[in-house]
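Here are my notes for you, written as numbered points. Have the picture open while you read, and take the points in order.

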Amino acid sequence: MSVTYSTTLINARLNGVVTALGASSSLILKAGSTTVSTIALASPAGTVDGGILTFAGTLLDPTAAATGSVDTVDILDSSGNTAISGLSVGIPGGPQEVIISNGLNSTLITAGQTVELLSAQIVGS
């Protein structure tokens, strides 16, 4: 049997995540254990509506740190601690939580390349 929470409770939990991230959190695009790109999140990190946390700000890294095919996303809080890990990443049209645009229609990022997030969301449950 599965448990179902009301949207009000899901929103409260996701707003708790936004509060816990603090004023200077970041989103980390990773290829395996290698950090490929770091994107600063806004303060607050996002907004919650209808059971969905949508990350806010100019979701852009002008210079990727490393080369690799991004396969996961972590979010660090203001102290640099991992607050959220294992978010999925993909390209436009995909069902992943984080959608990237690198001009190649691929999750392959090259060091020095500009990386833009088209969307980044967590759907609460």
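1. Let's start with one residue. Leaving aside neighbours within four places in sequence, aspartate 74 is in contact (heavy atoms within 4.5 Å) with Ser26, Leu27, Ile28, Lys30, Thr82, Ile84, Ser85 and Gly86. Before you go on, a word on the source: this is a predicted model, where local features need pLDDT of at least 70 and side-chain atom pairs count only at pLDDT 80 or more, while totals for chains, interfaces and linings use all residues. Residues are numbered from 1 along each chain as its sequence is written, and side-chain values use heavy atoms, with hydrogens and water left out.

2. Two of those partners make polar contacts (a pair of N or O atoms within 3.5 Å, where within protein one must be able to donate a hydrogen and the other to accept it, and residues adjacent in sequence count only if both atoms are side-chain atoms). The side chains of aspartate 74 and lysine 30 are joined by one of 3.2 Å. A polar atom of the aspartate 74 side chain also lies 3.3 Å from the backbone nitrogen of glycine 86.

3. Is aspartate 74 buried or exposed? It is buried, with a relative accessible area of 9%; buried means under 20%, exposed over 50%, and partly exposed in between, using a 1.4 Å probe and protein chains only. Look also at isoleucine 28: it sits 46 residues along the chain from aspartate 74, yet their C-alpha atoms are separated by 5.1 Å.

4. Aspartate 74 belongs to strand 7. Strands (E, at least two residues) and helices (H or I, at least four) are DSSP runs, numbered from the N terminus. In a regular strand, side chains alternate between the two faces of the sheet. Here, Thr72, Asp74 and Leu76 point one way, and Val73 and Ile75 the other. Why is strand 7 largely enclosed by the rest of the structure? Because 5 of its 5 residues (72–76) are buried.

5. Now the strands it pairs with; pairing takes at least two DSSP bridges between two strands. Strand 1 (residues 26–31) runs antiparallel to strand 7 over 5 bridges, with leucine 27 opposite isoleucine 75. Strand 8 (residues 82–87) is also antiparallel to strand 7, joined by 3 bridges, and there leucine 76 stands opposite threonine 82. Strands 7 and 8 form a hairpin with 5 residues between them, and glycine 80 in the turn has a positive phi of about 85°.

6. With strand 9 (residues 89–90) it pairs in the parallel sense over 2 bridges, and glycine 90 has isoleucine 99 as its bridge partner. With strand 12 (residues 115–123) the sense is antiparallel, over 4 bridges; serine 101 is partnered by glutamate 116.

7. Finally, leucine 9 lies in helix 1 (residues 7–21). Leucine 9 is exposed, with a relative accessible area of 51%.
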